[in-house]
Amino acid sequence: MKKLVLTSLILVLVLGCKNSFSTRMTSDYFPLKRGNEWVFDVKGDNNYQITIEVKDIEVTQGDSLFLVDVGGEIYQFERKLGMVKRFRRLFTTYEGERVDFGIVYEPYLLLPPIEGENWEREFNLSSVHREQTLEKVFLISVDSVIHTSIVLNSENYENVYHLKRTVVEDGDSTVEYEWFAPNIGLIKKEVPADSVVWELLSFELNE
Amino acid sequence: MNIILLVAFNLFVSSSVPQGAAAIDTPSGFSVMIGDKYKVNYDLVASYYTRSDYEVRLYGIFLGKELLLGQKFSILPEIGITKVTRTREDASESGFSPLFIVRFAYLFSTESSTFQIGFSLREAFNEKIGIDFLDFGIGFRM
């Protein structure tokens with residue numbers, strides 16, 4: 001009987017342990033719920049704060065579209081099993097007029113993140129404007145996914161995934177480095193070309 | 001000392017609920033159990049299953065005690081440590097994690113005292129790594 005009690009106790013203790021791998025296996029690295037809010041300290045030529053907030057959820061044909069306010073600009077994300085897609089409307093300005101190329105579904109994040117993976121998607125679009133065909137090339141590439149830890153504002157974040165995101169639009173390339181923490185989401189972003197760094201100041205997540 | 005060797009090969013249909021998302025997977029595996037019938041059992045497990053968003057491989061060693069219910073039924077609760085690898089395309093990540101298994105077995109009556117055929121029902125789970133699957137197996141014991 002003593003052995004049984006001891007064995008049961010060991011089982012409970014072992015099963016209760018939470019290790020790093022368990023955290024990475026089950027955590028949500030992009031929690032989207034209405035009302036979730038993250039406040040970032042943006043450091044660059046000008047220092048200011050920016051708030052990201054999940055404003056609303058639209059359900060269309062069974063899919064949920066999350067409307068996320070990023071400093072006043074609405075981003076649209078769709079969450080599917082294993083992936084977050086960002087809906088991005090592409091346009092260009094031609095002879096002073098805006099030419100629309102429609103919406104693309106950009107593979108924003110693969111979930112759960114796995115170290116070493118990368119993904120890429122290229123969109124070749126065209127639009128007829130005043131009897132003239134205009135073309136646009138849009139490419140998103142994500143690589144260098146690694147898990148790491150990072151200290152921000154004296155707070156140590158473990159099991160963080162870091163990635164490099166490259167967006168090429170009409171030949172112009174933009175590189176961003178992003179850090180995602182378990183059950184928090186984005187905690188840091190660097191845009192080297194603009195010498196801008198976003199760092200998480202505070203966040204509030206709804207259960 | 002009475003040594004019991006159970007060799008079972010299983011083709012499974014299971015349901016797993018990782019990360020709150022339900023999925024039907026088709027894992028398969030085999031197990032070898034060596035131990036005394038009334039004492040501690042050791043169990044080696046290799047299992048593989050696919051999800052729609054990644055693949056999981058489990059390798060582990062388990063320890064448990066088989067409880068016999070009459071001549072035909074047995075319950076075997078086990079705790080084990082597993083190496084878990086999840087893979088998506090060319091990327092993979094591994095770690096160690098505990099896993100809990102409960103195996104129910106039904107053994108057919110045989111004339112031989114050293115060879116039995118039976119069905120098994122096995123539930124393997126650990127919510128902390130999002131693994132929860134149910135196996136149906138057939139095997140033999142000698």
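These questions and answers concern a predicted model. Residues are numbered from 1 along each chain as its sequence is written, chains are lettered from A, and ligands are numbered from 1, in the order in which they are written. Local features need pLDDT of at least 70, side-chain atom pairs count only at pLDDT 80 or more, and totals for chains, interfaces and linings use all residues.

Q: Which strands are the edge strands of the open sheet in chain A?
A: The sheet has twelve strands with antiparallel pairing, in the order β6-β5-β4-β3-β2-β1-β12-β11-β10-β9-β8-β7. Strands are DSSP runs of E, at least two residues, numbered from the N terminus, and two of them pair if DSSP finds at least two bridges between them. Two strands of chain A pair on one side only: β6 (97–110) and β7 (119–129).

Q: How many bridges join β2 to β3 in chain A?
A: Strand β2 covers residues 48–60 and β3 covers residues 63–70. A:V59 stands opposite A:S64 in β3(A). The two strands run antiparallel, and the bridges number eight.

Q: Which residues does A:A181 touch, not counting those up to four places away in sequence?
A: Contact means C-beta atoms, placed from the backbone, within 7 Å. The residues touched by A:A181 are A:Y157, A:V160 and A:I187.

Q: Which element of chain B has the lowest mean pLDDT?
A: pLDDT is the predictor's confidence in each residue, from 0 to 100. The mean for chain B is 68, and pLDDT stays under 50 over residues 9–31 of chain B. Where pLDDT is low, the predicted coordinates should not be read in detail. The lowest element mean in chain B is 37, for strand β3 (residues 23–25).

Note on methods. Helices (H or I, at least four residues) and strands (E, at least two) are DSSP runs, numbered from the N terminus. Two residues are in contact if their C-beta atoms, placed from the backbone, lie within 7 Å.
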